[in-house]
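Subject: Structure handover

Hello,

Here is the structure we talked about. Please open it and keep it beside this email while you read.

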Amino acid sequence: MEKAVNEGVHDQVRDGDDGGYGGGRAGTAGGAEGVWSGSWVAERLGVELVGDDRLTDLLGLALRRNPKRAHLLVSNVLGKHVPQSPSVVYGYGYELGRRVRALLGAEEARRAVVLGYAETATGLGHSVADGLGLAPYLHSTRRPVAGLAPAGGFEESHSHATSHLLLPEDPALLSGDGPLVLVDDEFSTGNTVLNTVRDLHARYPRRRYVVVALVDMRSAADAGRLAEFAEEIGARVDLVAAASGTVRLPEGVLEKGQELVARFESESAATGGRSSAAASWPVARGTARTAPTGPPPDDNRAHPHVTRIDLRWPAGLPDGGRHGFTPAHRARLEAALPGMAARLAEALPADARRVLVLGFEELMYAPLQLARELEQSTDVEVRYSTTTRSPVLAVDDPGYAIRTRLVFPAHDDPADGPGERYAYNVAGAGFDAVVAVVDSAADTPALHAPDGLLARLAAHTPQVLLAVVPSYAPEPPHAPERPSMLPEPLRGPAFSSYAPEEVGWLLQDLSDVTLEAPTEEREEAIQSGGAHYAESLPVEYQPSERYQELFHAALEDSAARIAQAVGVVTETVLAERSPRPVLVSLARAGTPIGILMRRWAQHRHGLDLPHYAVSIVRGRGIDANALRWLAEHHDPRDVVFVDGWTGKGAITRELAQALEEFEQSDGITGFSPEIAVLADPGACVRTYGTREDFLIPSACLNSTVSGLISRTVLRADLVGPHDYHGAKFYRELAGTDVSVTFLDAVSARFPEVADAACAQAKELLAADRSPTWEGWAAVERISEEYGIHDVNLVKPGVGETTRVMLRRVPWKVLARAGAGSDLDHVRLLAGQRGVPVEEVADLPYTCVGLIHPQYTRGATGADGKAVTV
């Protein structure tokens, strides 16, 4: 049945019919009949599952080491952590797909696209697409492909591995206007779905979305938030779930859960892997029965306990939905399944009665279909599960969902580096054989090593079979021929009020184009998904006489402190990065700092360093044409990217991802993603002048302290594939320009701070400067505490808060209790815009600016009333 929440959102709750696919208690993690596999956690932490009558048949509980959420909802019907009948696993997803088809109607269903979430819901999403009928399928991935640019991406804030990529072979897969069906195993807060829809709706807007999950565990507040979001973007959002309920968490459960995990891990380590409540813990650590460690064959491709099976996978058939999976692909797979399953059956021991088909992380659908075909065509009891990245505590108790775990090293050369991987509830489950199904990218020496997955399996089952599915990687699109010569950098006085030798702008001049829009209109368009912030410009703020007085007073007070920080960061760069670096500022906040670093190098070392400014846009990456020009004229290894300050570190992450994509697309290596900044209050970088959060006067104003150059613009009708990003030169504002005044005031203090700066730089070079990302953690906490639920609307630090006041629609300002003159200009702007300033104890920044989280014109302040500047 359907239950209307409002005009934009509909919740479809389960109707009590599981479609004939109920797993029941027999599908739990090996617990005794009638024992819920969540009772162990519930009794010790007071966690309650409240909802549908059969919710506890679908879910158990476990514990994990996670700073955000200690408990883990373990699905008994997903086929990830708990071995389950493949018909049950597939049946739940297929039935959800049929319900989506009934909800949409035949015509809309034919135009739908299904998107699943890595890694846990990749197979579930496939099954939903099958039930829907003719819908193509794509799932997110954490495995980048050289030369294939992402069509989108998003963050999963509560996950242990947060960044998702969307890499369809055909970008048109996401650009249609039919319904988008988003599939996840668990709908807990809605944050992941909101992040996805926000990213995709900005690029490929559509009228309707359907969210599908095995269980809907949202609170009432989270349910209301999804409704509000749907209304904001002007789209309908439906929800279909097999069961619904909520998790009741007592106060302090996170700390109690962490203590419990730490205690059991400590007991396990002290007893060589065995604790009083985890009799199978030695299985997890490989300290009990281990595989023989004799010399492997020369090719390291066989194991004495492993039989390799040639599936004869159809040539050119994708191994899953990582790059798209169409109904035609499904038809080819279904035609080949009987033959592939027969080959597996022939290789099984004659007396095998209980067999596990074990998939591999994101590779869930192909192993699931093989297991299902094997189950239907033989008398063997077949179970299905997959390996995972997710670390979970194992406790050998019938009332706990994760009874045993196998630990082994990653074996697919993951992009995020090496690490442990896990297989749960396999050891001790009495399997006569295990069929490990991996893709060819994961068929590596690490898989066959003495401590690898195959050896771990061989220690706990008489027979291990290995089936390798060819990894499907689409051909990179043919890049059109680029112009042989990119334009030379723009320089002052023709472009900017800076001297020509101070900076070259790798931008195109859009001064004659009208790009400005009222702040309120821009905010509404940005938050609704109708426009990207880089497609327009705010109207330039014209400072009042009082505000200009504050700027000059702040400059006088802080010039020496800024000069010392400039010296520290420049000396660090010269000592650690390159003796003759090429400074490349991230326009525009980085540009004054880049000029000051260049001046320091001249003053202290007589160096005449090249300095350029390039554009980087959150969500769109760095200007690739600017990188190509730099690579043609300089050694990329000498390039040091410069910015003014860090907030939560979003641009730091953006640069790292953009450079990785550029290296894959162009084959040009050597650019380092490590940014050098004047101030790093967010603890996001290693190269900085200070980690204090104080007023940098160049953050007080817009173009009039940045060479009269606008923020950069990236819009498809203005910036072609062979163009630099654009910007405007506001020549008409020359009468109020203080760009050079700022530079001269700071550089005049170089002589008096030189010794202190050099001494501080030496201390930093010898210290541990590893990023802690404290800023990002603080922003996530503030986002949740203030009900914003979007880190992009939380702007930490004096510089970012000032930008909110000048360019966005501010909601409120959080100020650290006792903050002094560093916030005088913020308080003045807040008073002009009717924005409350709230003092907060223990704030990690001097201040934090909050953008209105449900902005429409007419709701600009905390009271929902419009204000004027």
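Lying across rests on contact, meaning heavy atoms within 4.5 Å. The angle is taken between N-to-C directions on a scale from 0 to 180 degrees, with axes as lines fitted to C-alpha atoms, for helices over the stretch in contact. Helices (H or I, at least four residues) and strands (E, at least two) are DSSP runs, numbered from the N terminus.

Before going further, note that this is a predicted model: local features need pLDDT of at least 70, side-chain atom pairs count only at pLDDT 80 or more, and totals for chains, interfaces and linings use all residues. Residues are numbered from 1 along each chain as its sequence is written, and side-chain values use heavy atoms, with hydrogens and water left out.

The strands under discussion belong to an open sheet of four, in the order β31-β34-β32-β33, with mixed pairing. Two strands pair if DSSP finds at least two bridges between them. At the edges stand β31 (794-796) and β33 (837-840); each has a single partner strand, so one side of each is left without a neighbour in the sheet. From one strand to the next, the twist averages 20°. The pairing of β31 with β34 (residues 847-851) is antiparallel and covers three bridges. Within it, V794 is opposite L850 in β34.

A second open sheet has five strands, ordered β13-β19-β18-β14-β15, and its pairing is parallel. Its edges are β13 (306-309) and β15 (381-387), each with a single partner strand, so one side of each has no neighbour in the sheet. Direction ignored, neighbouring strands of this sheet are turned by 25° against each other on average. Inside the sheet, β14 (residues 354-360) and β18 (residues 433-439) pair in the parallel sense over four bridges. There, L356 stands opposite V434 in β18.

Now the chain as a whole. It contains 23 helices and 34 strands. Of its 869 residues, 61% count as buried, where buried means under 20% relative accessible area, exposed means over 50%, and partly exposed is in between (1.4 Å probe, protein chains only). The chain exposes about 31,800 Å², and carbon and sulfur atoms supply 50% of that area. Accessible areas come from the Shrake-Rupley method with a 1.4 Å probe; for residues, only the protein chains shown count as cover. Among contacts between residues at least 6 apart in sequence, 77% join residues at least 24 apart.

In soluble globular proteins, nonpolar side chains tend to be buried together. The largest nonpolar core here has 141 residues, and those with the most contacts inside it include L49, Y400 and L457. Such a core is a set of buried Ala, Val, Leu, Ile, Met, Phe, Trp, Tyr and Cys residues joined through side-chain atoms within 4.5 Å. Helix α3 (residues 86-104) gives the most to this core, with eight residues. A second, separate core has 103 residues, among them L574, V582, W629 and F694.

How many residues of α16 are buried? Twelve of the 16 are, so α16 is largely enclosed by the rest of the structure. The buried ones include P592, I595, L596 and R599. Helix α16 (residues 590-605) reaches 22 Å from its first C-alpha to its last, close to the 22 Å expected at 1.5 Å a residue; the expected span is 1.5 Å times one less than the number of residues. Just after α16, G606 takes a positive phi of about 70°.

L743, in helix α19 (residues 739-747), touches P592, I595, L596 and R599, as well as Y498 and E502, not counting residues up to four places away in sequence. L743 is buried, with a relative accessible area of 0%.

Two more residues to look up. T572 is in helix α15 (residues 545-576) and counts as buried at 2% relative accessibility. Leaving out residues up to four places away in sequence, T572 touches R577, T687, A761, L765 and R769. L718 is in the loop between β29 (687-690) and β30 (726-727). The C-alpha atoms of L718 and L510 are separated by 8.5 Å, though the two residues are 208 apart along the chain.

Regards
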